[in-house]
Amino acid sequence: MIQNRNIQLNLLKPSRCKSVVINCLFESYNLACSDVLEFWKSNIGITQTALHHATYKDIRAKYKLPADYAISARVTAWNRRKITKKVKCVPIRLTNKLFRYDLTPRGNPVMVITSFSRKRIILPIKRDNTFTRFKEIEAEGYIFNSLLLLKKDGKYILQAV
């Protein structure tokens with residue numbers, strides 16, 4: 001039986017430069033979700049495939065999002081179309097193409113995330129109880145293949161799925 005678990009990972013405070021990139025990525029992603037939702041509202045009854053073909057190129061061009069983020073934004077908007085009228089602040093879903101868990105040469109845990117134009121951001125993970133729980137679950141044989149990047153109280157949090 002396949003079981004999903006969400007494990008929270010707290011991040012150390014990123015540098016000013018990384019914060020700017022993450023904020024820009026988060027804002028672009030949320031605006032893209034909002035645009036797709038608005039397009040769906042004006043074309044109710046459209047299929048998910050038709051929505052993709054109608055919005056993909058515009059989202060990529062307007063927000064300079066990589067392909068995987070543009071597709072994820074469309075899927076997020078599609079999944080929220082019946083439960084909300086407006087996208088305010090949704091988490092960014094990162095597929096396994098967009099992130100990598102790694103250790104620094106000193107052994108500190110980091111999450112490497114692809115941002116705009118294939119540039120990568122290295123986000124250091126705080127070694128606290130949530131990280132200990134993550135390592136325990138990973139040792140049990142669970143593998144995580146996606147992440148959610150959330151903004152909560154002005155801080156960014158990762159949830160390994």
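Let's start at Glu138, which is partly exposed, with a relative accessible area of 26%. This is a predicted model, and in it the side chain of Glu138 forms a salt bridge with that of Lys135, at 2.9 Å from N to O. Lys135 is partly exposed as well, at 33% relative accessible area. Both residues belong to helix α4 (residues 129–139), where being three residues apart puts about one helical turn between them.

Another of them joins the side chains of Asp35 and Lys62, at 3.0 Å from N to O. Here distant parts of the chain are linked, since Asp35 sits in helix α1 and Lys62 in helix α2 (residues 48–63), 27 residues apart. Asp35 is partly exposed at 26% relative accessible area, while Lys62 counts as exposed at 54%.

A further salt bridge brings together the side chains of Arg100 and Asp102, at 3.3 Å from N to O. Arg100 has a relative accessible area of 41% and is partly exposed; Asp102, at 32%, is partly exposed too.

Leaving aside neighbours within four places in sequence, Met111 is in contact with Arg100 and with several other residues, including Leu9, Phe99, Tyr101, Ile121, Phe144 and Leu158. Met111 belongs to the largest nonpolar core, which has 44 residues, and is listed with Tyr69 and Leu94 as having the most contacts inside it. Helix α1 (residues 16–42) gives this core its largest share, nine residues. That brings us back to the helix that holds Asp35, the salt-bridge partner of Lys62.

Definitions and conventions:
Residues numbered from 1 in each chain as written. Predicted model: local features only at pLDDT ≥ 70, side-chain atom pairs only at ≥ 80, totals over all residues. Heavy atoms only, no water. Core = buried A, V, L, I, M, F, W, Y, C linked by side-chain atoms within 4.5 Å. Buried < 20%, exposed > 50% of the residue type's maximum accessible area, 1.4 Å probe, protein only. Helix = DSSP H or I, 4+ residues; strand = E, 2+ residues; numbered from the N terminus. Contact = heavy atoms within 4.5 Å. Salt bridge = Lys/Arg side-chain N within 4 Å of Asp/Glu carboxyl O.
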